[in-house]
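Open the model in your viewer and keep the selection tool at hand.

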Amino acid sequence: MNRNQIDKLTAAIKTLEETLAAKTHATELYTELDERHKVDDKRNERVYIDVQLVLLKLIELDTFKENFTASVFFALKWREPLLDTAEDPLTFDDFWNPKILIDNNALNYSKEIIWYEVKREDGKAFIVENHRVEGTFLGKVNLTAFPFDTQKLGISLISERSENEVFFVEDCRNISITYEKCVAEWYLHDRIDFETITSSEEFKQTKNKRPGIKVSCRVTRKPWSFLCNVILIMALIVALSLITFAVQPHQLHGRLQLTMILMLMLVALKFTVRNRLPRISYITYLDVYFMISFIYMAFVCVWHAIVENLNDYKADQALVTVFACIFIVYHVIFGVIIIQSQGKNMSCFVMKNTSRAGYRIV
């Protein structure tokens, strides 16, 4: 081995030693920085989490499967005293985190983006965890007022920490709102409702309570499609039963045949609509309307069956007016009940939003 090769080998060994020394120094430096900025997994006091949610887009609401697909943005903000006098970190892995998960997601998120930032308010540092999620979420529906119903769509955020560590509040400095007001057959209300919740760890023997918050908005069904295609058709079928009085009372067969045909049409229309709804154990406004209409036509049918034996044609003519008045009255009552129920739901929703108290993080 000549002199040049020995010099090159010596230079390579020296370079390798310098590289190893620099790497060791960097490792020690990063270890020191980690120890300096490392935050305990638990804090001595409860941490208040400010929550803001914006419903960007309601893609679909499936009342049959009782879920909805939406694109949402939500932000979680909490105090971080270690950043009061420090610069913004490049990574947030070493800082305290509330460990949030969405409790009512039905499927895996088709798209989820998470990013962090530091905000400073009145000389205090806050960590903000931003989420943009597009996915399918579970949500129970109440179809009692169908097709004039108002549904409450919510996203439940649950922390993996205990109640003594975390408490959720509404972010009063950043407005939570819905962007898209009209979606298909639904109308979205502006306001967002916040409700603190708790969840038990059923799979553990300790049964620890995990704190959370349910952020929800209201959507009201646009009833015009059902009014025109279902209720109006039902009303016309019931109204046509008055035409059966045009047949002479002694032609019992003709009157009963026409009335039975109309009743079968009513039943077929009812089951067609029922197949579009989830299997529920309670009756809806549409069920009540159908039952009243069916009972109304049943009384018409019974009258046709007995009028021939009475031989009282004047009574038959008077009954036309009576049935017509009953038809008008029960439609007016039905309309008043719908209007009152809608007004009651809206007033309760407004009271909930106006009575919410703000929270100040100290």
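Start with helix α4 and select its buried positions: Leu286, Asp287, Tyr289, Phe290, Ser293, Tyr296, Met297, Val300, Cys301, Trp303, His304 and Val307. Buried means under 20% relative accessible area, exposed over 50%, and partly exposed in between, with a 1.4 Å probe and protein chains only. Helices (H or I, at least four residues) and strands (E, at least two) are DSSP runs, numbered from the N terminus.

This is a predicted model, in which local features need pLDDT of at least 70 and side-chain atom pairs count only at pLDDT 80 or more, while totals for chains, interfaces and linings use all residues. Residues are numbered from 1 along each chain as its sequence is written, and side-chain values use heavy atoms, with hydrogens and water left out.

Now show the whole of α4. The helix has 26 residues and spans 37 Å from its first C-alpha to its last, close to the 38 Å expected at 1.5 Å a residue (the expected span is 1.5 Å times one less than the number of residues). Step just past α4 to Asn311, which takes a positive phi of about 55°.

Go back into α4 (residues 285-310) and pick Met291. Met291 is partly exposed, at 38% relative accessible area.

Next, colour the aromatic side chains. The structure holds 15 aromatic pairs. Rings of Phe, Tyr and Trp (its six-membered ring) pair if their centres lie within 6.5 Å; planes under 30 degrees apart count as stacked, over 60 as edge-to-face and the rest as tilted.

Select Phe92 and Tyr116: the ring centres are 5.4 Å apart and the planes at 20°, so this pair is stacked. Phe92 lies in the loop between β2 (67-79) and β3 (100-102) and Tyr116 in strand β4 (residues 111-121), so the pair ties together parts 24 residues apart in sequence. Phe92 is buried at 16% relative accessible area, whereas Tyr116 is partly exposed at 32%.

Move to Phe146 and Phe226, an edge-to-face pair with 4.8 Å centre to centre and 75° between the planes. Phe146 is in the loop between β5 (124-138) and β6 (150-159) and Phe226 in helix α2 (residues 224-240), so this pair ties together parts 80 residues apart in sequence. Both Phe146 and Phe226 are buried.
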